[in-house]
Amino acid sequence: MNEYQRQSYLTSMGIENYMPRWRLALAPLPVACELPAASAIPSVVVDEEVHSSSRTDTSSRERSSGLDKPVMVADVLRDLTLDQSKKNASVKLEPESIKPSAPPLNVKTIPAFSLSIWRPQNDVLVIDSRNTQLALPTELLLQNIFRALYGAHSHPGVEDVLRWPLIDNTFVSRTVDDARSVLQVWLEVELERRPVKQLLLMGQNAAQYFLDAEDSYDALLFHSIDLPRFSSRALIAPSLVELLQKPEQKPKLWRALQSWDRAA
């Protein structure tokens with residue numbers, strides 16, 4: 001946003017210093033604030049010559065009264081904002097210039113989707129491609145998998161749902177690259193809060209957005225791969241829905257899980 005507006009908001013909230021740690025994938029590049037020239041900022045030093053001048057001098061009285069008043073940050077920001085508004089008003093805007101830019105015709109957008117997130121172990125994170133149209137016992141299947149892998153007391157935990165796009169805005173670009181960029185930033189933040197050593201990426205959506213663009217879901221299926229960006233090792237597997245629809249894939253997944261667990 002406008003730097004002066006941002007400073008005004010932060011001041012109102014009582015925040016003296018603020019430094020963002022990340023720039024969101026769809027956010028504009030930060031622009032340095034152009035500070036006003038020194039002559040544009042009212043001085044708080046009282047000119048002795050002003051007080052010694054005649055009271056009949058109207059210009060001297062006005063200048064003296066202006067200098068005697070305390071300088072408020074809000075007043076300076078308001079004056080600068082008004083000056084900027086006048087400059088913007090002098091620029092003639094064509095109707096086409098205020099319309100939101102439409103995405104190029106040759107760019108393929110993707111429909112909205114959602115992912116299921118589980119943490120069955122402290123060092124394991126499961127991301128599964130959801131299918132909201134099918135009512136299948138996916139959580140029960142995941143529980144059986146981890147009980148067989150980690151013991152009878154293992155439990156997948158509480159399911160969290162991650163929806164794409166994160167913000168329901170029709171003007172937000174919805175390409176594969178956009179989804180990959182935003183979701184990978186989300187995963188980086190999540191793993192910084194609670195790091196894991198193992199990632200289980202289940203299904204097409206879970207795999208293609210957390211892997212690099214050149215990695216193929218079909219080629220890496222039932223294989224594990226190191227992900228240095230996330231400091232973890234990921235196993236690519238079918239989604240829970242696919243496993244329920246194609247139970248012949250379960251033995252392949254079980255062998256891959258045993259190798260993946262030993263490698264961690």
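Visitor: In which element is S232 found?

Guide: Helices (H or I, at least four residues) and strands (E, at least two) are DSSP runs, numbered from the N terminus. On that count, S232 is found in strand 6.

Visitor: What are the ground rules for reading this model?

Guide: Residues are numbered from 1 along each chain as its sequence is written, and side-chain values use heavy atoms, without hydrogens or water.

Visitor: Is S232 buried or exposed?

Guide: Buried means under 20% relative accessible area, exposed over 50%, and partly exposed in between (1.4 Å probe, protein chains only). S232 counts as buried because its relative accessible area is 6%.

Visitor: Which residues does S232 touch, beyond four places in sequence?

Guide: A contact needs heavy atoms within 4.5 Å. Leaving out residues up to four places away, S232 touches V196, K197, Q198, L199, I225, D226 and L227.

Visitor: Which residue of strand 6 is the bridge partner of M202?

Guide: Two strands pair if DSSP finds at least two bridges between them. Strand 4 and strand 6 (residues 232-237) run parallel, joined by five bridges. In strand 6, M202 has as its bridge partner A237.

Visitor: In strand 4, what is the bridge partner of V124?

Guide: Strand 2 and strand 4 run parallel, with five bridges between them. The strand 4 bridge partner of V124 is Q198.

Visitor: Which residues cover the two faces of strand 4?

Guide: Five of the five residues of strand 4 are buried, so the rest of the structure largely encloses this strand. L199 and L201 are on one side. On the other are Q198, L200 and M202.

Visitor: Which residues have the most contacts inside the largest nonpolar core?

Guide: A nonpolar core is a set of buried Ala, Val, Leu, Ile, Met, Phe, Trp, Tyr and Cys residues joined through side-chain atoms within 4.5 Å. The largest one has 48 residues. Those with the most contacts inside it are L115, I127, L199, L200 and L201.

Visitor: What is the end-to-end C-alpha distance of helix 6?

Guide: The expected span of a helix is 1.5 Å times one less than its number of residues. For the 18 residues of helix 6 (residues 176-193) that gives 26 Å. The model agrees, with end C-alpha atoms separated by 26 Å.

Visitor: Which residues does A179 touch, beyond four places in sequence?

Guide: A179 sits in helix 6. Its relative accessibility is 0%, so A179 counts as buried. Beyond four places in sequence, A179 touches I110, W164 and Y209.

Visitor: Is V185 buried, partly exposed or exposed?

Guide: V185 also belongs to helix 6. Its relative accessibility is 22%, so V185 counts as partly exposed.

Visitor: Which residues does T138 touch, beyond four places in sequence?

Guide: T138 lies in helix 5 (residues 138-150). It is buried, with a relative accessible area of 18%. Its contacts beyond four places are L240, V241 and L244.

Visitor: Which residue just after helix 5 takes a positive phi?

Guide: Helix 5 has 13 residues and reaches 18 Å from first C-alpha to last, close to the expected 18 Å. Just after it, a positive phi of about 120° is taken by G151.

Visitor: Over which stretches is the pLDDT under 50?

Guide: The chain average is 76, and 68% of the residues score at least 70. Where pLDDT is low, the predicted coordinates should not be read in detail. The pLDDT is under 50 over residues 41-56 and residues 61-68.

Notes. This is a predicted model: local features need pLDDT of at least 70, side-chain atom pairs count only at pLDDT 80 or more; totals for chains, interfaces and linings use all residues. pLDDT is the predictor's confidence in each residue, from 0 to 100.
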